[in-house]
Amino acid sequence: RIHPEKGLDMLVRAFSLISTEFPNAGLLVAGLKQDSQFQTLVENLVAEAPDPDRIAFTTELTGPTCKFLYKCCDAYVLPSHAEGFSVALTEALANGRPSLSTTFCHMPEVEEHAAGFIVDPETSAIAEGLRRLLSLSSSDLDAMGRQARALYEKKYTWSRVAETLESAYLAASKRHEAVAR
């Protein structure tokens, strides 16, 4: 979503800070139209960037047809200020993409499983996270991507989610029975 909550302004600013160090890197910002005032802010930040031609911004690549983007990118970035459960971050894991996300995405397992980096939701921290990602070799990014896919298979497939829910319900049921006695 193109919304202040997603931190896209911080992402564009962070990329602008490090882009001269990585002349072959580009940034694609894609999301659903939601907040036109914020969208204008992000578009202005893109226009003011040191090399605006290396940043693409679109609200047209959405829904099921946009899944190809995960195959086209080297890494996925979610600089959010607030997330419940991030479907997009989970999709990045499923597609074997290393990620950079903020602490407010509530997925510490991404870093714990060497599937990406987690930073504070601040422009300077996001810039440093981008620097770390963009400094990795292709083979290191591939390894991180394999870790991302493995994490997805371990925790986020439908069968794994069902197992986790079943375990939680059984544990709650046993606690309820113990209290009732």
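This is a predicted model: local features need pLDDT of at least 70, side-chain atom pairs count only at pLDDT 80 or more; totals for chains, interfaces and linings use all residues.

Trainee: Why is glutamate 21 called partly exposed?

Mentor: Buried needs under 20% and exposed needs over 50%. Glutamate 21 has 40%, so it's partly exposed.

Trainee: What makes arginine 131 and glutamate 21 a salt bridge?

Mentor: The N to O distance is 2.7 Å, and the cut-off is within 4 Å, so the pair qualifies. Arginine 131 sits in helix α6 and glutamate 21 in the loop between α1 and β1, so the bridge ties together parts 110 residues apart in sequence. Arginine 131 is partly exposed too, at 25%.

Trainee: Why are lysine 6 and glutamate 83 called buried?

Mentor: Lysine 6 has a relative accessible area of 13%, and glutamate 83 has 13% as well. Buried means under 20%, so both get the label. Their side chains meet in a salt bridge at 2.5 Å, N to O. That pair links distant parts of the chain: lysine 6 lies in the segment before α1, and glutamate 83 in the loop between β3 and α4.

Trainee: What separates arginine 149 and glutamate 153 in helix α7?

Mentor: About one helical turn, because they're 4 residues apart in that helix. Their salt bridge is 2.8 Å, N to O. Arginine 149 is at 32% and glutamate 153 at 39%, so with 20% and 50% as the limits, both are partly exposed.

Trainee: How many salt bridges does the structure hold?

Mentor: It holds 9.

Note on methods: Residues are numbered from 1 along each chain as its sequence is written. Side-chain values use heavy atoms; hydrogens and water are left out. Helices (H or I, at least four residues) and strands (E, at least two) are DSSP runs, numbered from the N terminus. Buried means under 20% relative accessible area, exposed over 50%, partly exposed in between (1.4 Å probe, protein chains only).
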